[in-house]
Structure formats: structure tokens, C-alpha cells
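Good morning, colleagues. Please turn to the sequence and the model on the screen; I shall speak briefly about the fold and about two sites within it.

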Amino acid sequence: QVQLVESGGGLVQAGGSLRLSCAASGRSFSVYAMGWFRQVPGKEREFVAAITWSDGFIYYADSVKGRFTISRDNAKNTVYLQMNSLKPEDTAVYYCAASYSRPRTFIVPTDLTDFGSWGQGTQVTVSS
């Protein structure tokens, strides 16, 4: 498995942008896909975006489509989440996650149970 470390969170005004990074170390060759989830207190962790490591297939949650962009740098074992046009409802702790196999029903993993490794999370706060 891999170890994941997120960075790039912070406080931004509505309409602003942030870029999150997630660096993977360890057995990175075993990773099938990387994803981003977010969670607010009292709610379940929700899927944001994911990208397959070798082919670059991407999937977004409807709530971020057109505003967020996920990308990867295989040489650096790093995945990014560019977040534009941020809204107060984007406020959450953002988690990076690694998946080690293709899901049975779809190319890109999107369910919590598809991911086996998690980062510690980084806070994103969007003020109105």
C-alpha cells in the first residue's frame, strides 16, 4: 500500500481558487486510481473526483463538474485537485485516497469502499 499526504488547503473567498496536492509514497506501482473525497461534520464522506493512474480516465461528482479539475503527475506520484469558482458549500475536509483495483461496474472507482488508503485530510474553508 501507499502513504498519502495532502497539502494546499486553506481559507478562500467565494469565487476564488485553491489547488490541493496529494503525494503518494511507498508501493505506488500498485495504485490503480487516485481520488478526492470531502467531509463536513455530521455528514458522510462524499466522492469528489477520481482519476485512473495509467490511462487517466476521470470522473467527477455532479456538484463539482465544470469547476474542479483532477490531474496526476506519474513521475512525481502526485495527484492534484484544482478547485475554481469555489462556493461556501465546498467547505469541508478534503481527503486523498488510493484505489488498488478496478471496480466491477465502472472504470473509475467512486465509492468509499473502492479505496484502500487515505490521507490525513486538509481543511478547505470558503467564506461568503
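**The disulfide and a buried glutamate**

I begin with the link between Cys22 and Cys96, which is left-handed, with -80 degrees about the S-S bond. This pair connects distant parts of the chain: Cys22 belongs to strand 3, residues 18-26, while Cys96 belongs to strand 9, residues 92-99. The two cysteines are 74 residues apart. Please bear in mind that we are looking at a predicted model.

The sulfur atoms of Cys22 and Cys96 are 2.0 Å apart. As a reminder, a disulfide is a covalent bond between the sulfur atoms of two cysteines. The count for this model comes to one disulfide. Are its two cysteines, Cys22 and Cys96, buried or exposed? Both Cys22 and Cys96 are buried.

The secondary structure consists of eleven strands and zero helices, so the order of elements from the N terminus is simply β-β-β-β-β-β-β-β-β-β-β. The radius of gyration is 14 Å, close to the 14 Å that the globule rule gives for 128 residues, and the chain is therefore as compact as a globular protein of that length. Along its principal axes, the C-alpha trace spans about 40 × 30 × 25 Å. Of the 128 residues, 43% count as buried. Among contacts between residues at least 6 apart in sequence, 59% join residues at least 24 apart.

Glu6 is buried, yet it has no salt bridge. Which side chain of opposite charge is nearest to Glu6, and how far away is it? That side chain is Arg45, at 7.3 Å. A salt bridge requires a nitrogen-to-oxygen separation within 4 Å, and this is why Arg45 does not qualify as a partner.

What, then, lies close to the polar atoms of the Glu6 side chain? The backbone nitrogen of Cys96 lies 2.7 Å from a polar atom of that side chain, and the backbone nitrogen of Gln120 lies 3.0 Å from a polar atom of the Glu6 side chain.

The two sites also meet. Leaving aside neighbours within four places in sequence, Glu6 is in contact with both Cys22 and Cys96. The other residues in contact with Glu6 include Ser21, Trp36, Tyr94, Tyr95 and Thr122. Thank you for your attention.

Technical notes: Residues are numbered from 1 along each chain as its sequence is written. This is a predicted model: local features need pLDDT of at least 70, side-chain atom pairs count only at pLDDT 80 or more; totals for chains, interfaces and linings use all residues. Side-chain values use heavy atoms; hydrogens and water are left out. Buried means under 20% relative accessible area, exposed over 50%, partly exposed in between (1.4 Å probe, protein chains only). Lys and Arg count as positive and Asp and Glu as negative; His and the chain ends are not counted. A polar contact is a pair of N or O atoms within 3.5 Å; within protein, one must be able to donate a hydrogen and the other to accept it, and residues adjacent in sequence count only if both atoms are side-chain atoms. Contact means heavy atoms within 4.5 Å. A disulfide is a pair of cysteine sulfur atoms within 2.5 Å. Helices (H or I, at least four residues) and strands (E, at least two) are DSSP runs, numbered from the N terminus. The radius of gyration is taken over C-alpha atoms; the globule rule is 2.2 Å times the number of residues to the power 0.38.
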